[in-house]
Amino acid sequence: MEFNYSYSGDSTVQNGLSDTSMSFSPDASREPTFFRGELCKNLAFREAISALHDVVVSDLRWQPKERTEYLAWAERQEEIDWAEVASQREEVKLQIEATRQRLEELRKIRRARSSSFESAKLKYFDYIRRRDYDMWWVLDPVITVHPDEVFFECFSQDESSYGRLSAGFDVFQNIGEFSCGTTNIDYSAALYDEFQKIRSYKTTTFEIDPSGFDVATTGEANYKEVKIDLPDSWVRGFLQVSSAMALPAHSFDLHPMDVY
Amino acid sequence: MKLLRQANLSFVKGNSDKVYEVDLCEVGAGQFVVNFRYGRRGSSLRDGTKTPAPVDRANADKIFDELVASKTKKGYSKSGSAASPSIPATTKAVSEPNASSMSDPVALAILNRIAKGPEPSNWKLSRAVWRAGELRLREAEVLIAQLIGTGDAMLDYCVAWALSRIGSADCIAPLDGITRNTSYPNHVRRMADEAKRQICSDNDRELILNSYIQQLPDWCQDLAKKGPAEAFSKVWFEKLSKKDRKAVQSIDTLYFIDNEHVRPALIETLRTAPLKPNFFRHLRRIFKSAELRGDAEVFGILSARFAKEKHNFVMPNYWGYRGKKKPTVGDSAEKAYSKQTRNYLRGRVWRSLERLGRDKDPAYCEMAIGLLLQFTDDDAQPITSHSTWDYSTYNVVQTYCDQYGRYWAFNNIVARHSSRYQRLSTKLRFDCDRTFNPNENTAGPTEREEAYPKLWDSAPTSLLRLMQESRCERVHQFAVLALLENKAFCSEIDLPILIGLLSSPYQATCSFAFDVVVSRYDAANPDRQLVCALANCALERARLQSHRWIEVQRTFFFDDPEFTAALISSPHSDTRLFARDSLRAVNVSSEKSDLIARLAIAHLLAMSGNESNEPAANEITATITQTFADSLRQIEFETISQLLSHPLEGVQLLGGEVILRHESFSRNPPAALLHQMLGSPHTTVRGLAIRIVSQLNDDELRQSIDLLFALTRHPEADVRNDIRPTVKRIANSDSNFAVTFADRLINALLTPGAPEGVPSHTSRVLIDDLRENLSHVDGATVWRLLQSRSQPAQDVGGVLLSTNVDSNSLSVEELVKLASHDVLSVRESSWAMCQQGIERLRKSMASTVRLLDAKWNDSREFGFKLFREQIDEADLTSAVLISICDSVREDVQRFGCDLITKRFEERDGQEYLLKLSEHPSPSLQLFATNFLDRYAVDNPERLQELEPYFMSVLTRVNKARVAKDRVLALLSREATKSPEAAHVASRIMSKLSATAAIGDKARTIEMMAKIREQYPDIPLPIEIQTVEVR
């Protein structure tokens, strides 16, 4: 199932010495949903949204072991073994031993020579990975503004867990005008780092930016278009959660030590 | 049991053809039964009876009549109603053949055998009838016609077959009897039809064909009658490709009709129709009809297909199908064309040819040609070999089967008497003789080895036709050897035919034609056409001979433009080079050279785009450009365009050369032609286009800035690189041009969507070639370049940043942002600007701090250095330091902690403790514990403020042992000091005491015990029980 989003610019978190402003960019192609307020339970919010992030990036699926190197080694070793079996005569054995030592030396030299190249290559790949970090995950959470609360919903990478962070309006103060609804927000891994800088001594404004909708009416095309191909299982899971919420629920509280 | 009455009923409608037989028999005195049998015609019938017990005659008659009446009502009709089969009264009084008129004992014997009629004999009557037909014994016609209707299907079939060859109009009536009577098997009726078609008069045939046309599906009836053939083919194949049932069923009807409108479609169908069920049986019938009619083309096509195409399956032997229906039988057959069928047909092809040959029938050559023409060089198979053990010599013997060895009839025709092959008639194969290895000896036969050479000798025109039409080397070798012996005929072959033979690709044929021609050449009156054919011949000695003849009378020969052009564009390299060399020594008038150039260009344009033509095209192009350069000055636009759209590189190059030499286009090349050249897949052609552009003078080039821009941004790398020096040259001489050009390139860089490699080339041109002309680019554009998503645009921005942007115009935030830029030069410029604007940085420390959080190591290093060396202590307030520590990067955190420890001031201690304690990272939390002992003691309110921090530290799993110990120690100390502190500690301990870590649990319990002891009122989840004293 393919979803097309268009965001009017990136979500940003500005950290100053005494203030933090979080501005989320909502999906401009949906009905306008926006919110503006000041956080008053900063630390709790920080920890909660970090926990939500952990849900999004968690992947408990089984990953097969990387065995190519072992297999290559095993193949080489098998050749050596067979050569040994075949070498009935001592002479041949000696020759093989000498050749093998020579080969080992050559390999060592090759390793030494190419080590700087290999490490630079690794570094480069790491750089590429970090630069395009957002490509790795469908991070964009769903955000809903209710008349009495704002909540974030997300699914884990392996589609096994659903996380929801509800922030009642008592978490905010100086709430500005808002428009209820559900939308996606632009979210990137760099934002997580910025969240870590939320402090109780900094005034923290939280907004789902309404300006994108104003621009949308003038029809300019300075939008960040994102196309996300959501797996069907993801969509199914989301629907299942929604329907499960309509059922009578068992709810319980957990002591911190229960998840210790 | 005595049969008294019988009724034979039959029912034919559509595909249904069934019979119903009713018998009335007497089984005893006054006892009668009525039995019946029914089923498909030709299949085994099922039995039944209407009288479980015998009845009397009256009843039996009644039952019999009722049954017949009911069946007749259902649509059955009577086909015969006598106890004995209906045979027309055979007049035994056959006039004995007139022995005196027959000198041929074979014919006489056949006639005698037929006259004897269907009496038992080792020589079957049907075979004799067939043979009579083969030998066209007209004397036998009357005898044979009388044999119709004996009830023996095989005999009827043979009679119809024979009559079709020897019959006269008198036989039509009896044949009609067969076709009308549905009790005859279908194949017999079909053969009778065929016979009628053959022997009837032209008027009757018209009627018969019309009746067949009526049987065709509606959509093609009119076209089959009136044509044209193309329209019929179109409709026919449209339906056939959809496997239209009616179309497939009427394939053999088409062959019955076989008029000029349907024949082309029929031939194509025979060539392409699959040898699969539904199709195959029609093809088989057509094959037999063709054999009968002596239709060499159809016979050849089908015979060749049977020889070339593998069978579809192998039919298991008879026992596999005992009692079961064979899969090839019936209308809905699942399979067709078994291995057995194929081998039968392959054998049959040669058998029928052999009979013609043996009977010295001139049709042999006709039919053999029909077959031979169907084989081409493509049908040559790889040579195979197999080894056998020779017991007489105790050696392994290799036996080869050469390229055509598996084509049975083909080999029989061309190599029946060869000493080089062994003829294996059981395997339908020709193996090479042991002395002949086809891998080593590829020269072909040296003596005649075909079957029936006398017949071929009497048909030399047929051999000539083979040489003219065949595309198979083996056939040419056979035809040449056979024709060479016919000296008289050879000397009479017309010259145009010989010239045609010289253009054959086969050495044998060329050699034959050359030998005949040499003797006819008259030096006093040379024939240009002949010499030209020799010069373009596949035979090298013929070409050399022609060169010698031309050398002698060079001026005469090259005076003819067509001759010269044909020589220039000869398919053979030696002739092309000879022509080029010779033309140097000949003076050709300008009019003639114009004509020659045009003719040669026409030759080039007619060449196929095959890669093997590449060298020829290159040589012809070279000859034209070297020898007729002047003639190229006025070639038309259309011709050049055609040259440029030819697929061969050499031809396209000629197009380019023509433009270069053209009187008007060289100064003013048409954009369409240049566009064509630049779109060419060949590098050389694109290079030539650049050469055409580059040779224009600077003024012209300045005018065509659009062209230069398009070339600089061309998708092909070689074009871009080739035009680069030209652009640089003009830019250096004309700064206005350079500025305009640079602006356009920068704009293009900012527009996304260029092909791969173009933006990076553009950025190289801007940086390397046009650097001096970029001083006018304003800061805003540079900023846009830097913020672009394309790397080349960022590169250009990086180069311009230091020179075109005033550092004061950038805010500190922007400087900080540049320090995280991916392009090194940009970061370097941003560092330089930071150094210059250090004062501004100091004033807005909140932003400057973010320099330390830059993405790149080098920028961070620069930031650390800047903070250590150039920022005054006064600017590093506690807020700034804490902001540094707030970073999520460990190196930055460490740097911040270092700064705090170095610049620590007593008054800020509390602030550090409170603010750093909110940091989520364990290392900073540990750092904050350093301040606990100093700023958190004796202060219950502070403890309360720090409660979340304590919880955060203490609930870390398997981490921060030191921090935990410190916090626990502080709490245990403070808890006993005041009830408020004890409250805080008790809240923390209550939660923490649930931990699974034994050490921590013990300490919390210990602490709670202590609190309970001191402040018994504080609620705690413990109950102290006194130890029981025993």
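1. A quick definition to start: a salt bridge here is a side-chain nitrogen of Lys or Arg within 4 Å of a carboxyl oxygen of Asp or Glu. One such pair is D706(B) with R744(B), whose side chains meet at 2.7 Å, N to O. D706(B) sits in helix α37 (residues 705-712) of chain B and R744(B) in helix α39 (residues 735-750) of chain B, so this pair ties together parts that are 38 residues apart in sequence. Helices (H or I, at least four residues) and strands (E, at least two) are DSSP runs, numbered from the N terminus. R744(B) counts as partly exposed, at 29% relative accessibility. For that scale, buried means under 20% relative accessible area, exposed over 50%, and partly exposed in between (1.4 Å probe, protein chains only).

2. Before going on, some ground rules. This is a predicted model, where local features need pLDDT of at least 70 and side-chain atom pairs count only at pLDDT 80 or more, while totals for chains, interfaces and linings use all residues. Residues are numbered from 1 along each chain as its sequence is written, chains are lettered from A and ligands numbered from 1 in the order in which they are written, and side-chain values use heavy atoms, with hydrogens and water left out.

3. Now the two chains. Chain A has 260 residues, 33% of them buried, and its secondary structure comes to six helices and 11 strands. Chain B has 1030 residues, 50% of them buried, with 57 helices and nine strands. Contact means heavy atoms within 4.5 Å. Of the contacts with a separation of 6 or more, residues 24 or more positions apart account for 76% in chain A and for 64% in chain B.

4. Where do the chains meet? On the chain A side, 18 residues are in contact with 26 residues of chain B. Together the two chains bury about 2000 Å², 57% of it on carbon and sulfur atoms. Buried area is the accessible area (1.4 Å probe) that two parts lose on being put together, summed over both.

5. Some detail on that interface. There are four salt bridges between chain A and chain B; one of them pairs E194(A) with R850(B), the closest N and O atoms being 3.9 Å apart. Six residue pairs are in polar contact across the chains, both residues at pLDDT 80 or more. In chain A, α1 (42-57), α3 (90-131) and α4 (189-195) each supply at least two residues to the side that touches chain B, and α1(A) gives the most, with three residues. That side of chain A divides into six nonpolar, four polar and eight charged residues. The classes are: Ala, Val, Leu, Ile, Met, Phe, Trp, Tyr, Cys and Pro nonpolar; Asp, Glu, Lys and Arg charged; the others, Gly among them, polar. A polar contact is a pair of N or O atoms within 3.5 Å; within protein, one must be able to donate a hydrogen and the other to accept it, and residues adjacent in sequence count only if both atoms are side-chain atoms.

6. In chain A, the side chains of R164(A) and E149(A) meet at 3.4 Å, N to O. R164(A) is in strand β7 (residues 162-168) and E149(A) in strand β6 (residues 149-155), 15 residues apart. R164(A) is partly exposed at 36% relative accessible area, whereas E149(A) counts as buried at 17%.

7. Chain B has another pair to look at: R263(B) and D295(B), 2.7 Å from N to O. R263(B) lies in helix α13 (residues 263-272) and D295(B) in the loop between α14 (280-293) and α15 (296-308), so the pair ties together parts that are 32 residues apart in sequence. Both R263(B) and D295(B) are buried.

8. Helix α43 (residues 812-819) of chain B has V812(B), L815(B), V816(B), L818(B) and A819(B) buried. They cover an arc of only 160 degrees around the axis, which puts them on the same side of α43(B); the arc is that of the directions from the helix axis to the C-beta atoms. The buried residues of α43(B) pack against several helices of chain B, among them α41 (779-787) and α47 (857-869).

9. Last, T1004(B), in helix α57 (residues 998-1014) of chain B. T1004(B) is buried, at 0% relative accessible area. A polar atom of its side chain lies 2.6 Å from the backbone oxygen of K1001(B). Not counting residues up to four places away in sequence, T1004(B) touches M989(B), L992(B) and S993(B).
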